[in-house]
Amino acid sequence: MDAAAQFAERIRAADGGERALRLRGGGSKDFYGGALVGEVLDTREHRGIVAYEPTELVITARCGTPLAEIEAALAAQGQCLPFEPPHFGAGASLATVGGVVAAGLSGPRRAAVGAVRDFVLGVQLLDGVARRLTFGGQVMKNVAGYDVSRLMAGSLGTLGLILEVSLKVLPRPVAEATLRFDLPQAQAIEAMNAWAGQPLPISATCWQDGVLTVRLSGARAAVAAACRKLGGDLVDEGAAFWEALRQQRLDFFAGGEILQRLALPSVAPPLDLPGAQLIEWGGSQRWWRGDAAAARQAASRAGGHATSFRGGDKSAGVFQPLPAPLMQIHRRLKAAFDPRGVFNPGRLYPDLST
Amino acid sequence: MNATSHRRHGAERDQDFGDVDRPGLLAALAAVVPPANLLVDGEDLKPYECDGLSAFRQVPLAVVLAENEGQVAAVLGICHRLGAPVVARGAGTGLSGGALPHGQGIVLSLAKMKRILHLDPVARVAVVEPGVRNLAISEAAAPHGLYYAPDPSSQIACSIGGNVAENAGGVHCLKYGLTVHNVLRVRGVTVEGEIVELGSQALDVPGYDLLALMIGSEGLLAVVTEVTVKLVPKPETARVVMASFDDVTKAGDAVAAIIAAGIIPAGLEMMDKPATAAVEPFVNAGYDLDAEAILLCESDGTPEEVEEEIGRMRAVLEGCGATGIRVSADEAERLKFWAGRKAAFPAAGRISADYYCMDGTIPRKRLGDMLRAIAGMEKKYGLRCINVFHAGDGNLHPLILYDANVPGELERTEAFGADILALSVKLGGTVTGEHGVGAEKLGGMCVQFDGEELSTFHRVKAAFDPAGLLNPGKAVPSLHRCAEFGRMHVHAGELKFPDIERF
């Protein structure tokens with residue numbers, strides 16, 4: 001029996017209570033989201049790249065395929081996953097591609113090129129009653145039926161077990177350069193927004209402690225022209241910095257206190273929160289250490305939302321509560337895909353299954 | 001008991017709305033919109049009987065022209081209470097019959113809601129009403145050096161609400177993405193009258209990505225009342241390379257070779273010989289009429305970047321056996337090269353009484369296979385077909401030429417189209433890349449999806465619209481319809497809908 005058939009059997013034998021299932025790849029993002037409940041269903045048995053043709057700009061892989069394996073295959077052909085998903089895991093807890101999609105987390109290049117969901121082209125999944133379903137496909141343009149594939153991105157395994165996923169890939173940028181500017185927070189936010197309105201090849205930004213770091217990626221001529229135009233100090237160890245940011249290995253991310261992720265309109269002025277902040281995505285993603293209530297209040301006032309990303313007490317829920325009409329749609333969707341509530345209970349919202 | 005309480009959306013059969021209380025419906029609607037905004041007479045309803053797919057026609061019970069979100073909510077509330085179907089409509093330029101009226105329901109036109117509510121050049125967003133034309137957004141953003149990237153060929157007329165409904169693309173989406181990549185937030189009203197906001201000006205929201213579900217949902221989930229779009233900087237310059245080939249397969253291979261070279265062109269389009277022959281007298285674009293196929297390959301960015309990239313494109317195209325290469329010398333020439341491509345549909349209308357536009361997408365490497373197969377189908381059905389492709393993303397628009405007044409031609413055309421779509425699925429693609437399923441490709445959906453997948457789509461609809469009143473019968477076929485269609489995909493010898501009665 002192949003792994004997918006075994007998964008289906010596990011799903012059929014599961015229920016929404018004692019025998020719920022906790023879908024898990026490498027476990028590199030176990031820290032993320034709500035409660036970890038249920039018997040572990042380890043997806044890593046179902047692994048391997050199914051199809052990859054560089055000229056089609058698509059890779060299709062089974063859920064348990066290590067992200068590192070996919071990135072190596074792409075790099076060998078001069079291509080990449082443009083949304084730079086964080087791995088976060090190492091050793092025995094290597095990130096898998098199924099987890100990348102289910103977690104829906106994107107890295108430094110997100111504001112420039114899009115998020116995980118923007119690159120998902122198709123999925124094959126097992127729903128909550130073990131039906132094997134295929135949505136989307138391997139082509140860039142596809143409007144046949146609702147976009148269920150993209151719905152899976154960030155659904156934290158609460159709708160189905162992703163068996164296989166097809167992702168759009170892109171050529172790696174020919175040239176990159178990293179620049180640094182000494183700028184206070186308010187001016188850095190202004191600068192990031194002003195530059196984003198100009199045809200500049202900015203692929204990532206990061207502000208912390210009075211220093212704005214900017215990455216340029218693209219054709220050689222474009223990167224060189226942008227360096228001349230923007231000024232700043234050229235940084236030699238740029239690639240290492242962006243990799244550390246992507247994997248949250250910068251000093252800012254060390255420490256035990258709860259880490260809040262605030263997603264805001266990029267133009268939101270500096271937030272009135274005590275302590276240090278780190279800003280990414282041209283101003284749209286801001287990190288802060290502190291309690292959920294303060295983060296949510298500040299985020300809501302600025303037109304966004306906050307997530308208790310890592311560490312600390314999760315009893316208040318990890319994700320900001322939804323307005324009632326949206327929560328009702330969420331519950332109905334959950335019931336549509338997983339009527340018995342067998343997948344990852346409480347991982348997204350505690351009261352998703354009714 | 002209201003009519004909705006006994007009505008539930010399901011996967012098995014199309015619902016019967018024969019019991020809608022027409023006088024009661026009209027009286028209730030008259031109470032919530034001004035008299036001039038409620039059309040009930042045959043002559044007034046006639047212009048709404050079809051959208052851009054004129055082969056499908058149906059007069060609705062009434063047309064309501066909503067002026068604001070309050071009216072939309074009130075109209076939906078009434079239809080929900082009385083169990084009447086609602087078909088939302090923007091500019092009516094859709095090509096798949098998505099806005100085809102329902103005979104027992106109303107058309108809810110959003111064409112009067114055409115204000116640009118807010119344009120923020122610093123945040124690079126525009127908040128617009130659904131009836132705003134696609135091109136009007138870019139025009140409003142132009143003074144700030146910004147534009148809205150998706151540019152469907154109908155952009156001069158089509159509205160953003162319709163673009164959201166169809167997940168519209170265009171000739172630049174290989175590099176700049178589809179509607180789903182360029183819309184940040186949609187505000188809308190559910191048929192139950194709830195105002196919902198999907199997505200956000202922040203780059204994400206907590207919970208499921210309902211925005212992704214909403215975009216391309218063909219008016220089946222909610223009615224759009226406001227859209228926040230992303231504006232992006234206009235490239236400093238753009239130039240286009242026009243390459244001629246003496247063989248369509250070579251042209252198809254050149255498309256793959258460009259991608260393999262690590263180039264993502266701003267646009268990459270292909271036209272075959274019959275297509276260039278059709279458009280050239282119409283626009284004088286300067287196309288090579290001896291070529292079996294031409295490619296239009298655009299580069300944009302800074303002048304230095306474009307210069308560099310054009311050089312790389314030229315080298316790849318020459319290496320693939322291009323028989324001629326021209327690079328646009330200036331903006332006027334660039335627009336002329338594109339004018340022919342954008343005029344392909346009207347040109348087809350000029351050389352043929354009628355034409356039927358297909359919209360399959362296939363993996364790029366199969367372009368040559370598809371073109372050869374279409375040539376065979378032309379003989380089989382005794383009809384001509386001209387081919388224009390968004391080659392860069394494998395999206396095909398074969399235009400089958402026919403004359404509806406010749407008995408049997410429409411039927412042959414439809415069979416021809418069904419063959420192309422079935423082959424698109426077989427080659428690993430889809431029946432619709434950007435025009436939508438609408439009323440037109442329901443049969444194709446039965447080929448592409450099995451009963452369990454279709455049932456899942458129906459459950460997704462029911463999560464937003466439990467009574468099944470928004471654009472019923474479109475986009476996702478009932479299982480019964482697939483059984484009747486009888487040409488469904490038989491996978492590995494298994495019948496897909498064994499439990500459904502057949503006729």
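Q: How many residues of chain B are in contact with chain A, and with how many of its residues?
A: This is a predicted model, in which local features need pLDDT of at least 70, side-chain atom pairs count only at pLDDT 80 or more, and totals for chains, interfaces and linings use all residues. Residues are numbered from 1 along each chain as its sequence is written, chains are lettered from A in the order in which they are written, and side-chain values use heavy atoms, with hydrogens and water left out. Contact means heavy atoms within 4.5 Å. On that rule chain B brings 83 residues to 73 residues of chain A.

Q: What area is buried between chain B and chain A?
A: Buried area is the accessible area (1.4 Å probe) that two parts lose on being put together, summed over both. Carbon and sulfur atoms give 62% of it here. The total is about 6,300 Å².

Q: Which residues of chain B lose the most area to chain A?
A: Three residues together make up 13% of what the chain B side buries. They are Leu203(B), Pro206(B) and Tyr208(B).

Q: Which residue of chain A meets Arg364(B) in a salt bridge?
A: A salt bridge is a side-chain nitrogen of Lys or Arg within 4 Å of a carboxyl oxygen of Asp or Glu. The rule finds seven across the interface of chain B and chain A. In one of them, at 3.8 Å from N to O, the partner of Arg364(B) is Glu56(A).

Q: Which element gives the largest share of the side of chain B that touches chain A?
A: Helices (H or I, at least four residues) and strands (E, at least two) are DSSP runs, numbered from the N terminus. Elements giving two or more residues to this side include strand E9 (195–199), helix H9 (248–260) and helix H17 (451–464) of chain B. The largest share is ten residues, and it comes from H17(B).

Q: Which residue meets Lys175(B) in a salt bridge?
A: Val171(B), Leu174(B) and Lys175(B) supply 61% of the area that domain 2 of chain B buries against domain 3 of chain B. Two salt bridges cross this domain interface. Lys175(B) also has a salt bridge at 2.6 Å, N to O, and its partner is Asp300(B).
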